[in-house]
Amino acid sequence: MTSATQSWGLEPDVVESLRGQLHGPLLLDGEPGYDEARTIWNAMIDRRPALIVRCQDAADVVAGVNYAREHHLPLSVKGGGHNIAGLAVGAGSLMLELSAMRAIQVDPARRIARAQPGCLLSDLDRETQEHGLAAVLGFISATGIAGLTLGGGFGYLTRRFGWTCDTVAEMEVVTADGRLVRAAADENADLFWGLCGGGGNFGVVTRFDYHLYPIGPEIIGGGIAWPAQDAGGVLAMYRDWTAQAPPEHTCVAVLRKAPPAPWLKPEIHGQPIVALFVCDTGERAEAEARVAPIKAFGAPVGDIVQPRPYRVQQSLIDATQPPGRRDYWKSEYLPALEPELLARLVEHAGRMISPFSGITIFPIGGALNRLPADHSAVGNREAAFVLAIACAWEKPEDDAANIAWVRATWQDVRRFSTGGTYVNFLTEEEGDERIHAAYGNNYARLAQLKARWDPDNLFRSNKNVAPQAS
């Protein structure tokens, strides 16, 4: 213990003083559980915190925040550990590891779920679906609710109900000065505004209260795929379809190489495909009528669009993002799907190197567009789609080639962007310019808010908004 802590300038007695304040364990480099706690989904991130607090409750979070501030340690926070930039883990930091804080309470009468920050999407979906209700969450069930929500959040229900953060009723937050406060529209409203999309810049959220909506338990959903030579026609159909589809219908387009999935014909495995992943949460007969033209289009090489539990839909594409691979992304918000953009994406998809890469178009237009641009920090109310150019591979020696493909594709198509980008998809090296792009005109207000709630920038292991003097 002595060498590990002293290498970060921490004397053993000072470390022990923290241990004595905690309900959960304190982990040091070399101790059992340390490497497990610091490991995150993206294998490109390999950083060693000075201390890891495995928080059991909000009191542990308060103790960790106070210790980091008093001893001038960087502070990082791990919820689900699924952020592409590895924001959960800071070298030499005090890391608050929240996976033990996973309690959920569902109030079906009020349609509210109260969830702790260590919960994954699958945890919340499991508890809410017991009541035929759902929160607006993302597409990968192993994602943590905290990072998703604080960065905005979008998923299959976004077209109906807005960004994930649009559906939060209130939060409980540990602030930079170690206070545990409530943030909502009627209390600390400025802090609540900033937490709704402003990332980890303002505190550590120890409780989220989500509005819930009657969804499922069964919906119409699944995937359908065609060979790459049909991509032009499929995407043209997709463009026309999404322009008129009601908000109950979300259809995600993907260009990638076919995985060895049993629902795809064996002869297409490893070959380029175009696929659509459908989730229709409308009335059963209407949903089946809506998906019928998609199922009848062309000659698919696989089709599993059918009635299925909503919980199953929520984990449908989990296998595309397993932990332990090396991952690199670029993303942009799109106002529309221009034919030239789609043609360029098809061309670049043909140059993919890794079989685990993909170009994905997520439709999000609908409820979020009906709110003012400054309704919350997430902004980007003019966006209709999220474009994600995502590459994954297994060997470090393949880094350069795969990263180059992502960057070349992104540089060629970013002219079609709204100018905005999703803060949760920013990679490790993307700094001030891209953070400004993510927040647009809301950035200046975020900087002023930062100066009020975190003037010394304790919370800086994030896509950081620097404090601005008022």
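## Around S417

Leaving out residues up to four places away in sequence, S417 touches E332, Y333, L334 and P335, where touching, or contact, means heavy atoms within 4.5 Å. This is a predicted model, in which local features need pLDDT of at least 70 and side-chain atom pairs count only at pLDDT 80 or more, while totals for chains, interfaces and linings use all residues. Residues are numbered from 1 along each chain as its sequence is written, and side-chain values use heavy atoms, with hydrogens and water left out.

You can find S417 in the loop between α13 and α14 (432-439). Helices (H or I, at least four residues) and strands (E, at least two) are DSSP runs, numbered from the N terminus. Is S417 buried or exposed? With a relative accessible area of 15%, S417 is buried; the cut-offs are under 20% for buried, over 50% for exposed, and partly exposed in between (1.4 Å probe, protein chains only). The side chain of S417 reaches the backbone oxygen of Y333 at 3.1 Å, and a polar atom of that side chain lies 3.5 Å from the backbone oxygen of G420. Such pairs are polar contacts: N or O atoms within 3.5 Å, where within protein one must be able to donate a hydrogen and the other to accept it, and residues adjacent in sequence count only if both atoms are side-chain atoms.

## The helix that follows

Just after α14, G440 takes a positive phi of about 55 degrees.

## D280 and R290

Which side chains make polar contacts with the side chain of D280? One is H249, at 2.9 Å, and another is R290, at 2.7 Å.

Setting aside neighbours within four places in sequence, D280 is in contact with I219, I220, E248, H249, A287 and R290. With those neighbours left out in the same way, R290 is in contact with W241, P246, E248, H249, D280 and G282.

## Helices that pack together

Two packed helices are described by the angle between their axes and the distance between the axes. Here, helix α12 (residues 339-349) and helix α13 (residues 399-413) pack at an angle of about 165 degrees, with their axes 10 Å apart. Axes are lines fitted to C-alpha atoms, for helices over the stretch in contact, and angles run from 0 to 180 degrees between N-to-C directions. How do α12 and α13 run, roughly parallel or roughly antiparallel? They are roughly antiparallel to each other; angles under 35 degrees count as roughly parallel, over 145 as roughly antiparallel, 65 to 115 as roughly perpendicular and the rest as oblique. On the α12 side, L341, R344, L345 and H348 meet W405, A408, T409, D412 and V413 of α13. By class, this contact has five nonpolar, two polar and two charged residues. For these classes, Ala, Val, Leu, Ile, Met, Phe, Trp, Tyr, Cys and Pro count as nonpolar, Asp, Glu, Lys and Arg as charged, and the others, Gly among them, as polar.

Helix α9 (residues 231-244) also packs with α12, at an angle of about 145 degrees and with the axes 10 Å apart. The contact is made by A231, L235 and R239 of α9 together with P339, L342 and V346 of α12. Its residues divide into five nonpolar, no polar and one charged.

## Backbone details

Most residues other than glycine have a negative phi, and most peptide bonds are trans. With that in mind, look at N188, whose phi is near 50 degrees, a positive value in a residue other than glycine. N188 lies in the loop between β9 (180-184) and α8 (189-195) and counts as partly exposed at 24% relative accessibility. N457, in the segment after α15, has a positive phi of about 55 degrees although it is not a glycine. At 14% relative accessibility, N457 counts as buried.

Which two residues does a cis peptide bond join? They are G216 and P217, with omega at about 10 degrees. P217 has its place in the loop between β11 (213-214) and β12 (218-227).
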